[in-house]
Amino acid sequence: MIIKTILSVISIIFSLIMIYITQINYKKNYLNKFSYLIWIMIWILIIFVSLRPDSIDDYFINNYKIDVFYILSVISIITLVILYYTSLIKINILEKKINKLIRAESLKDILSKIKDE
């Protein structure tokens with residue numbers, strides 16, 4: 001019971017911090033309005049689940065015979081894998097763009113040196 005309470009407090013604090021960071025990123029125009037609203041709803045949902053974990057567990061176990069902790073664990077792992085994959089793809093795309101810019105800049109330097117001779 002005490003572990004659930006500690007985890008709930010940690011997740012609430014984390015969600016509040018993430019709401020603040022989401023707000024800052026929205027004001028800096030890093031997020032569009034749709035993304036901003038989706039993320040705010042996700043953080044509020046996490047706060048709600050953290051405040052009422054027993055009621056959610058009871059609802060799913062009684063009505064659907066599903067262990068919520070197991071489902072959340074599987075969803076978390078899948079989400080982490082998806083985020084890792086998309087991050088890896090974006091890093092590779094940026095790496096290719098940077099290499100292309102570096103090559104173009106070095107070719108300009110070589111061409112200017114050839115013209116100077």
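A contact, for this tour, means heavy atoms within 4.5 Å. Among contacts in the chain between residues at least 6 apart in sequence, 51% join residues at least 24 apart. The model is predicted, so local features need pLDDT of at least 70 and side-chain atom pairs count only at pLDDT 80 or more, while totals for chains, interfaces and linings use all residues. Residues are numbered from 1 along each chain as its sequence is written, and side-chain values use heavy atoms, with hydrogens and water left out.

Begin with the whole chain, coloured by pLDDT, the predictor's confidence in each residue from 0 to 100. The chain average is 84, and 90% of the residues score at least 70. Four helices and zero strands are present, where helices (H or I, at least four residues) and strands (E, at least two) are DSSP runs numbered from the N terminus. Helix α2 (residues 33-51) has the highest mean pLDDT of the elements, 88, whereas helix α3 (residues 53-64) has the lowest, 70. Where pLDDT is low, the predicted coordinates should not be read in detail.

Next, select Ile2, Ile3, Ile6, Leu7 and Ile10, which make a nonpolar surface patch of about 540 Å². Patches are made of residues with over 30% relative accessible area and no salt bridge, with like charges joined within 9 Å and nonpolar side chains (Val, Leu, Ile, Met, Phe, Trp, Tyr) within 5 Å; a salt bridge is a side-chain nitrogen of Lys or Arg within 4 Å of a carboxyl oxygen of Asp or Glu. Accessible areas come from the Shrake-Rupley method with a 1.4 Å probe, and for residues only the protein chains shown count as cover. Ile6 sits in helix α1 (residues 2-27) and is partly exposed at 46% relative accessible area, on a scale where buried means under 20%, exposed over 50% and partly exposed in between.

Now show the aromatic side chains, which form three pairs; rings of Phe, Tyr and Trp (its six-membered ring) pair if their centres lie within 6.5 Å, and planes under 30 degrees apart count as stacked, over 60 as edge-to-face and the rest as tilted. Tyr26 and Tyr36 are stacked, 4.3 Å centre to centre with 20 degrees between the planes. Tyr26 belongs to helix α1 and Tyr36 to helix α2, so this pair ties together parts 10 residues apart in sequence. Tyr36 counts as buried at 15% relative accessibility.

Finally, select Trp39 and Trp43, another stacked pair, at 5.6 Å centre to centre and 25 degrees between the planes. Both lie in helix α2, four residues apart, about one turn of the helix. Trp43 is buried at 8% relative accessible area, whereas Trp39 is partly exposed at 37%.

Key: Buried means under 20% relative accessible area, exposed over 50%, partly exposed in between (1.4 Å probe, protein chains only).
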